[in-house]
Amino acid sequence: MYVRCARVGKVYATGRSAVQAIKSVDLGVREGEFVSLLGPSGCGKSTLLMIVAGLETATSGAVTVAGRPMDEPRTDIGIMFQDPTLLPWRSILENVLFPIRMMRRPIPTYRSRALELLAEVGLGDFAEHRPRHLSGGMRQRAAICRALVHEPRLLLMDEPFSALDAITRDEMNIALLRMWERHKITALFVTHSIREAVFLSDRVLVMNGRPSTIIADVRIPFARPREFAIGDTPEFNALCGALRDKIGEAYRAAGTEVH
Amino acid sequence: MPTAHAASEAALATQAEQRSVRTFERATPYLLPAATAIAFILAWEAFCYFSGVHPVILPPPSAVLAKFFRFFPLIFAHSVPTTLESLAAFLLACLLGCGLAAVVVLSRRMREALWPNLVFFQLIPKIALAPLFIVWLGIGSESRLTFALFVTFFPMLVATVAGLEHVDRDMLRLCRSVGATRLQVLFSVRFPSAVPFIFSGMKISITLAIIGVIVGEFITSQRGLGYLILFASSRQETALSMAAIVMLCIVGLVLYGAVALGERIMKKWHDG
Ligand SMILES: Nc1ncnc2c1ncn2[C@@H]1O[C@H](COP(=O)(O)OP(=O)(O)O)[C@@H](O)[C@H]1O
Ligand SMILES: [Mg+2]
């Protein structure tokens with residue numbers, strides 16, 4: 001297993017009270033696998049992802065990535081958030097090279113890689129533009145490039161397309177799959193959209209309410225590379241329906257709508 | 001076809017009319033305040049003329065203007081130290097404000113140690129400290145600068161701290177995940193993000209710097225516009241005193257304008 005969480009729990013101590021965000025999570029992600037974490041808002045998906053990223057420490061249990069325990073941020077990991085968090089005063093290319101600059105690696109060495117990545121997501125002509133001149137989807141594409149520029153082996157994504165409109169979101173799913181296939185990277189993807197999880201993943205892990213655990217581990221059998229048309233097949237919709245039934249309970253418990 | 005011709009002419013006329021209405025609409029934000037100011041000055045002039053109030057009590061604007069031009073070399077000479085000291089106090093306040101803000105944001109310990117004291121210090125009415133600065137630093141420009149700096153730096157500090165902390169949580173996570181040091185985050189992310197906040201602080205600070213220097217000149221100086229205003233008043237030269245105030249307004253406008261211009265340029269850079 002490339003990523004392994006064993007009985008991971010997290011309690012946030014906030015002043016006098018304590019919030020148990022995750023009760024106990026066991027999960028494994030194989031190298032090169034695309035795994036989604038699916039669950040209602042507030043069930044601890046982000047917390048779990050931040051623990052895997054080494055940005056939060058688990059209060060119980062253990063996390064290993066590539067066999068090494070995760071107790072601080074590591075540069076073999078790329079990360080993406082709901083917001084692209086680009087620096088508005090820097091060009092798209094400079095934004096993509098931001099991790100390289102922070103790591104004090106030689107920029108010229110990575111410049112061509114950054115430009116290649118931008119070309120792969122269709123932003124070849126926008127390298128010198130400022131983020132303000134790009135649409136939301138294009139900015140998130142730039143964020144994909146930034147997450148990949150330092151050649152990480154694990155890509156962690158926290159609802160990266162939740163803020164985008166439905167049409168752009170579909171395009172982004174395709175773009176992400178192409179990048180994942182091309183760069184043969186292990187991916188852990190957080191979402192609360194069932195269709196998105198099914199379309200993207202090899203496996204979908206369903207988390208339930210608070211404090212959360214993983215209540216289902218569903219294999220998605222569709223062949224790769226996937227085209228968006230699979231979303232219209234009965235098999236796809238049946239799988240989505242089954243997942244919906246499985247987690248309906250959890251969603252109702254958390255009082256959230258199902259997308 | 002005369003009717004069509006007339007119609008098109010009428011259309012052209014309305015177009016021209018609309019255009020002039022639009023131009024007027026656009027100009028009102030400038031015209032209205034200017035007209036108000038001119039009306040006020042005319043009323044002031046008329047009041048002085050008809051009421052026969054003594055010019056030492058209230059000189060008419062025309063007399064102030066006459067003094068301003070007649071004594072321009074003198075007034076200008078006095079405006080130079082005031083301007084330079086205001087600028088120096090402002091720049092020192094920027095450095096001190098940004099520096100302290102960086103320290104406070106970088107280190108929680110330093111913040112805990114400094115912040116309550118800075119706020120407490122700030123609660124002292126600053127004017128009450130002016131005599132102490134004279135005792136400590138004499139009556140030279142050091143004591144005026146220190147006083148002006150003391151008046152000026154706090155808003156700068158507060159604005160900069162707010163700016164440095166106004167960074168997206170996920171951006172900070174990204175920085176940590178790529179191994180950025182606190183100093184890297186400070187200079188690559190926090191300070192550039194804080195630019196709009198820093199300029200809001202600067203706009204307050206530049207006006208406070210002038211106030212600080214003028215008050216300092218009231219107390220200690222032998223030159224500068226503050227000194228000239230006080231000196232002229234004590235000689236019952238009210239018109240000259242007001243002429244010096246006119247110069248002070250000009251100095252204030254120029255300095256504030258320079259900061260506002262800088263803000264505009266930096267905003268363009270910041271927003272991309
Ligand atoms: N820094 C924090 N301090 C205290 N409580 C937190 C913190 N972050 C998240 N939580 C709580 O932990 C729970 C899980 O949050 P989160 O991981 O963000 O869920 P999700 O990403 O699934 O919406 C929520 O109840 C949330 O309020
Ligand atoms: Mg979340």
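The structure is a predicted model in which local features need pLDDT of at least 70 and side-chain atom pairs count only at pLDDT 80 or more, while totals for chains, interfaces and linings use all residues. Residues are numbered from 1 along each chain as its sequence is written, chains are lettered from A in the order in which they are written, and side-chain values use heavy atoms, without hydrogens and water.

Chain B gives 21 residues and chain A 23 residues to the contact (heavy atoms within 4.5 Å). About 2100 Å² is buried between the two chains, and carbon and sulfur atoms give 63% of this area; buried area is the accessible area (1.4 Å probe) that two parts lose on being put together, summed over both. On the side of chain B that touches chain A, the elements giving two or more residues are helices H7 (169-177), H8 (182-220) and H10 (238-271) of chain B (helices are DSSP runs of H or I, at least four residues, numbered from the N terminus). H7(B) provides the largest share, 7 residues.

The largest nonpolar core has 53 residues, and A:Phe34, A:Leu118, A:Met157, A:Leu176 and A:Val198 have the most contacts inside it. Such a core is a set of buried Ala, Val, Leu, Ile, Met, Phe, Trp, Tyr and Cys residues joined through side-chain atoms within 4.5 Å, where buried means under 20% relative accessible area (1.4 Å probe, protein chains only). Helix H5 (residues 136-148) of chain A gives the largest share of this core, 6 residues. Apart from this core lies another, of 46 residues, including B:Cys98 and B:Ile198.

Key: Buried < 20%, exposed > 50% of the residue type's maximum accessible area, 1.4 Å probe, protein only.
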